[in-house]
Amino acid sequence: MPSVTVILREGDAVPVEAEIGASIMETIRNAGIDEVVALCGGSCSCATCHVFVEAGAETLSTMAADEADMLECSMYRQPNSRLSCQLAVTAETDGLVFRIAPEE
């Protein structure tokens, strides 16, 4: 099972086991981390699961237009911004590190 590291808003790094096929958003929520609101439930229609990919971005799928549109509305968007609901866990994402974006 791949492992990812979630950096919380206060800076604590939490290693989390991730199930292949789940989204990073689901992985965060299943780990009991409540800093990702995910209002839309993973349908890419809000930006409340915004994260910054700190390491392992090359293992992720390319950002689709609808994800880019959602992130366009964020005042915290950075070049490494992604919506965690759009990031699928694969064997290649083992070691992925991401930081939860500030709450808007």
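A disulfide is a pair of cysteine sulfur atoms within 2.5 Å. The sulfur of Cys46 sits 3.6 Å from the closest cysteine sulfur, that of Cys40, which means it is too far for a bond. The structure as a whole holds zero disulfides. Before going on, note that this is a predicted model, where local features need pLDDT of at least 70, side-chain atom pairs count only at pLDDT 80 or more, and totals for chains, interfaces and linings use all residues. Residues are numbered from 1 along each chain as its sequence is written, and side-chain values use heavy atoms, leaving out hydrogens and water.

For accessibility, buried means under 20% relative accessible area, exposed over 50%, and partly exposed in between (1.4 Å probe, protein chains only). Cys46 is buried at 14%, while Cys40 is partly exposed at 23%.

Now look at Val6, buried at 1%. Val6 lies in strand 1 (residues 3-7); strands (E, at least two residues) and helices (H or I, at least four) are DSSP runs, numbered from the N terminus. Beyond its neighbours within four places in sequence, Val6 has contacts (heavy atoms within 4.5 Å) that include Ile28, Ile33, Phe98 and Ile100.

Next, the charges. A salt bridge puts a side-chain nitrogen of Lys or Arg within 4 Å of a carboxyl oxygen of Asp or Glu, and the whole structure has three. Arg99 pairs with Glu54 at 3.5 Å, N to O, linking strand 5 (residues 97-100) to strand 3 (residues 50-55). Glu67 and Arg82 meet at 2.8 Å, and both are buried. Arg77 and Glu72 pair at 3.1 Å, with Arg77 partly exposed at 32% and Glu72 exposed at 59%.
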